[in-house]
Amino acid sequence: TMHDVAWRTFPDMYHAADRVIYDFKYGRACRNATHVIAISESTKRDVMRFYGVPEDNISVIYQPVQEFYYTPLSADEAERAVSNRFGGSLPDDFILYVGSINSRKNLIAVIDALALLKPDNRPFLLVVGNGRAYRTLVEQRIEQYGLRNSVAIATDIHNNTLLQALYAKARLFVYPSFYEGFGLPVVEAALQQTPVITTTVSSLPEAAGPDACLINPHSSCAAEQMAHHIDRLTADDSLNRHTGKAMEQYARTHFDPTMLTHRMMHLYRRLTEN
């Protein structure tokens with residue numbers, strides 16, 4: 001099973017020695033395997049492109065997120081979980097980012113978008129994640145724009161109930177990544193009926209579905225596009241609810257754990273019978 005080939009598509013994230021090792025062992029595994037499972041159409045294309053595996057030798061089977069995300073929290077449960085952690089320090093209207101703080105995840109694009117919004121229309125951004133050099137760049141950009149009171153970075157959230165509650169209470173979820181093998185946080189947010197702004201690249205349109213707001217992260221207008229979608233989704237309650245419900249339906253239809261398990265078992269049985 002191949003999740004991604006990020007050492008090929010985003011080599012700056014890896015040391016040269018690691019790239020050589022990954023390329024050798026995963027490339028050899030793909031070429032020698034009876035069959036390859038890719039967790040997205042995007043990963044399938046990458047495996048074909050980089051390792052020459054014939055299309056007939058690859059099956060795409062999506063992965064589900066953790067089981068608890070499929071059972072929504074009640075409004076009281078979500079409120080209690082968030083209040084216990086943040087007290088009154090987190091505004092009612094906030095937008096959320098969950099993931100590593102590194103160059104591939106492109107968090108600076110969100111900071112740039114917030115800076116374009118008028119202060120009266122600028123939502124609070126909660127970042128759940130951590131990083132090193134790139135986090136320093138993010139913090140410098142926050143200072144540059146004078147957004148210290150508009151952004152918080154939480155590095156110590158490991159409680160599943162709290163994370164689910166944050167997804168549920170967020171006004172929207174932002175995920176401007178340059179590359180993902182799948183993009184699990186997008187599905188996690190969608191299952192809580194939270195609208196998502198993500199990108200047009202790699203597997204993210206597959207994970208998000210047709211109702212998400214997609215931006216081109218390589219465009220010179222990426223920050224403007226994101227600011228536009230943030231403004232629309234935070235200002236229009238009807239649009240926000242409609243988008244969130246449509247995204248939830250897509251996620252439940254395409255990433256149902258039982259359905260995906262049956263597909264996996266069917267493939268295993270077919271391979272063993274042959």
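## Basis

The model is predicted: local features need pLDDT of at least 70, side-chain atom pairs count only at pLDDT 80 or more, and totals for chains, interfaces and linings use all residues. Residues are numbered from 1 along each chain as its sequence is written, and side-chain values use heavy atoms, with hydrogens and water left out.

Helices (H or I, at least four residues) and strands (E, at least two) are DSSP runs, numbered from the N terminus.

## The sheet

The open sheet has 6 strands. Their order is β5-β4-β3-β6-β7-β8, and the pairing is parallel. Two strands pair if DSSP finds at least two bridges between them. β5 and β8 (213-215) stand at the edges. Each has a single partner strand, so one side of each is left without a neighbour in the sheet. From one strand to the next, the twist averages 25 degrees. Angles run from 0 to 180 degrees between N-to-C directions, and axes are lines fitted to C-alpha atoms, for helices over the stretch in contact.

Strand β4 (residues 124-128) is joined to strand β5 (residues 151-154) by 4 bridges. Here valine 127 stands opposite isoleucine 153 in β5. Strand β3 (residues 94-98) and β6 run parallel, with 2 bridges between them. Leucine 96 stands opposite phenylalanine 173 in β6. Phenylalanine 173 also has a bridge partner in β7, valine 196. There, 2 bridges join β6 to β7. β7 and β8 pair over 3 bridges, and isoleucine 197 stands opposite cysteine 213 in β8.

From β4, the chain crosses through helix α6 (residues 133-145) to β5. This β-α-β crossover is right-handed. The term means that, with the strands pointing away from the viewer, the path from the first strand over the helix to the second runs clockwise. β6, α8 and β7 also make a right-handed β-α-β unit.

Helix α5 (residues 108-116) packs on the sheet. It touches β3, β4, β5 and β6, where contact means heavy atoms within 4.5 Å. The direction of α5 makes about 170 degrees with that of β4.

Strand β7 is covered on both faces. Val196 and Thr198 on one side are buried, as are Ile197 and Thr199 on the other. Buried means under 20% relative accessible area, exposed over 50%, and partly exposed in between (1.4 Å probe, protein chains only).

## Aromatic pairs

The whole structure holds 14 aromatic pairs. Rings of Phe, Tyr and Trp (its six-membered ring) pair if their centres lie within 6.5 Å; planes under 30 degrees apart count as stacked, over 60 as edge-to-face and the rest as tilted. Tyrosine 62 and phenylalanine 182 have ring centres 5.9 Å apart and planes at 45 degrees, so the pair is tilted. Tyrosine 62 lies in the loop between β2 (58-60) and α4 (75-86), and phenylalanine 182 in the loop between β6 (172-174) and α8 (184-190), so the pair ties together parts 120 residues apart in sequence. Tyrosine 62 counts as buried at 15% relative accessibility. Phenylalanine 182 is buried too, at 3%.

Tyrosine 69 and tyrosine 167 form an edge-to-face pair: 5.8 Å centre to centre, 75 degrees between the planes. Tyrosine 69 lies in the loop between β2 and α4, and tyrosine 167 in helix α7 (residues 160-169), so this pair ties together parts 98 residues apart in sequence. At 1% relative accessibility, tyrosine 69 counts as buried. Tyrosine 167 is buried, also at 1%. Ring pairs link Phe68, Tyr69, Tyr97, Tyr167, Phe173 and Tyr175 into a cluster.

## Charge over a ring

The charged end of arginine 85 sits over the ring of phenylalanine 86, 4.6 Å from its centre. The criterion is NZ of Lys or CZ of Arg within 6 Å of the ring centre and within 35 degrees of the ring normal.

## Positive phi

Asparagine 106 is not a glycine, yet has a positive phi of about 65 degrees. This residue lies in the loop between β3 and α5. Asparagine 106 counts as buried, at 9% relative accessibility.

Serine 202, also not a glycine, has a positive phi of about 45 degrees. Its place is in the loop between β7 (196-199) and α9 (204-208). Serine 202 is buried, with a relative accessible area of 18%.
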